[in-house]
Amino acid sequence: MPKQTFYNLPEDKRQTLLYAAEKEFSRVPVYEASISNIVKSAGIPRGSFYQYFEDKEDAYLFLLSQQARTRQGNFITLLQKYDGDLFDAITEMYRLLLKELPEQENLDFLKNAFLNMTHKIENIFNRIFDVNENREQLKEISTLINKQCLNISDEKDLHHVIQIITSVTFHNLVEKFAKEMSYEEAMDNFNTEMNLLKKGLYK
């Protein structure tokens, strides 16, 4: 995560640096990204970059964390809208994301993230659903979920259910980008897999 010197910057300079970083990470995956391009676009000396971030991966993961925080707020709102129905909330979240993608200024940034998924990247996106956070934070989101309609025994079961649904959601996003699926194709695949999970896989 950023160093304190980054937070000490004026807001406009922080945003200029983040925009330059996002622009570079939209052009290529993080492992191909150039710090030289970032600092040139941001109009700062190369040495200044290291006053704000440890390295390019540090800047990249911070940008992803910002995305995750936004999505988490959306997820909580949808849980409230659908009276705690986990499947309805996550399906609506996926549908809205697909609808928004063509209009996203950072579409290529998200595309590179999902097509070059690593454990660190997955962990950050998991924060949307709090599956990798501490038990207290998991309890916060747990209180919004209607557990009466889930075949679970306790909070541990709920944790695993969320992990499974999250994995399926990530897989579908990767497939959507990798195969350049239409909205209809991507939504149909996602609904099929969610329905299989809801009904259960064993007779």
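Tutor: Let's start with the largest pocket: helix 11 (183-199) gives the largest share of its lining, four residues. This is a predicted model, where local features need pLDDT of at least 70 and side-chain atom pairs count only at pLDDT 80 or more, while totals for chains, interfaces and linings use all residues. Residues are numbered from 1 along each chain as its sequence is written, and side-chain values use heavy atoms, with hydrogens and water left out.

A few terms before we go on. Everything is worked out on a 1 Å grid over the protein atoms alone: a pocket is an open set of points with protein on both sides within 12 Å along at least five of seven lines, a cavity is a set of points where a 1.4 Å probe fits but cannot get out, and lining residues have an atom within 4 Å of a point. Grid points are joined across faces, edges and corners, and a volume is the space filled by probe spheres set on the points. Helices are DSSP runs (H or I, at least four residues), numbered from the N terminus.

Back to that pocket. Its volume is about 370 Å³, and 16 residues line it, with F87, L150, N151, L197 and K198 nearest its centre. Helix 6 and helix 10 also supply at least two residues each. By class, the lining has 10 nonpolar, two polar and four charged residues. Here Ala, Val, Leu, Ile, Met, Phe, Trp, Tyr, Cys and Pro count as nonpolar, Asp, Glu, Lys and Arg as charged, and the others, Gly among them, as polar.

Next comes the second largest pocket, with about 250 Å³ of space. Among the residues lining this one are Q15, Y19, K23, L63 and D108. Helix 2 (11-27) gives the largest share of that lining, six residues, and helix 5 supplies at least two. The class count there is three nonpolar, four polar and four charged.

A search of the whole structure finds one cavity of 30 Å³ or more, and the largest cavity has a volume of about 170 Å³. Of the 14 residues that line the largest cavity, M93, L97, F114, I128 and L173 are the closest to its centre. Helix 5 (56-81), helix 6 (86-100), helix 7 (107-115) and helix 10 (155-178) each give two or more residues to this lining, and the largest share, four residues, is from helix 6. Sorted by class, the cavity lining has 11 nonpolar, two polar and one charged residues.
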